[in-house]
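Let's take a walk through this model together, one residue at a time. Have the sequence and the 3D view open as you read.

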Amino acid sequence: MNGMDEMDRVFEKVSGYFSLLAEPTRLKILHALCDGEKPVGTVVETVGSSQTNVSRHLTAMYRAGVLSRRKEANLVFYAIEDESVIELCRTVCVQVASRLEDNALPASMVDRFMPQATPAPRRRSR
């Protein structure tokens, strides 16, 4: 393959990645999962959509490698697998929110977009 064929493959993958994120319900799901793993029922309540709709979106994001999934008894839990997607979404959400002139959001609201996980404290070496 030549260089342009490789670039075409990359662009196709990037396009697929952005199309995955081009659905508001999926962004709501990511926002709901930013602070950690949750069972499907909790995600459904947070997002405010039907179980069927949320499950369809969760499955699509799981198959794309954005989310991880585990089963415990009869519950299914989802978590963010690809942290870079949160960084990307947060950057775009903050940028878009800052440009809303008609309903400018206060900084405290903007900071709530895709909250960044608090890093674990570092252990001091002796």
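This is a predicted model: local features need pLDDT of at least 70, side-chain atom pairs count only at pLDDT 80 or more; totals for chains, interfaces and linings use all residues.

Setting aside its neighbours within four places in sequence, K38 is in contact with A32, L33, V43, V76, F77 and Y78. You will find K38 in strand β1, which covers residues 38-39. Is K38 buried or exposed? Its relative accessible area is 15%, and because buried means under 20%, K38 counts as buried.

Now follow the side chain of K38 to its polar partners. One of them is a backbone atom: the side chain reaches the backbone oxygen of A32 at 2.8 Å. Another is a side chain, that of D35, joined to the side chain of K38 by a polar contact of 2.3 Å.

The charged end of R70 lies over the ring of F77, at 4.4 Å from the ring centre.

How many aromatic pairs does the structure hold? There is one, formed by Y17 and F18. Their centres are 6.5 Å apart and their planes make an angle of 75°; since planes over 60 degrees apart count as edge-to-face, that is the label for this pair. Both partners are partly exposed: Y17 has a relative accessible area of 24%, while F18 has a relative accessibility of 45%.

Technical notes
Residues are numbered from 1 along each chain as its sequence is written. Side-chain values use heavy atoms; hydrogens and water are left out. Rings of Phe, Tyr and Trp (its six-membered ring) pair if their centres lie within 6.5 Å; planes under 30 degrees apart count as stacked, over 60 as edge-to-face and the rest as tilted. Buried means under 20% relative accessible area, exposed over 50%, partly exposed in between (1.4 Å probe, protein chains only). A charge sits over a ring if NZ of Lys or CZ of Arg is within 6 Å of the ring centre and within 35 degrees of the ring normal. Helices (H or I, at least four residues) and strands (E, at least two) are DSSP runs, numbered from the N terminus. A polar contact is a pair of N or O atoms within 3.5 Å; within protein, one must be able to donate a hydrogen and the other to accept it, and residues adjacent in sequence count only if both atoms are side-chain atoms. Contact means heavy atoms within 4.5 Å.
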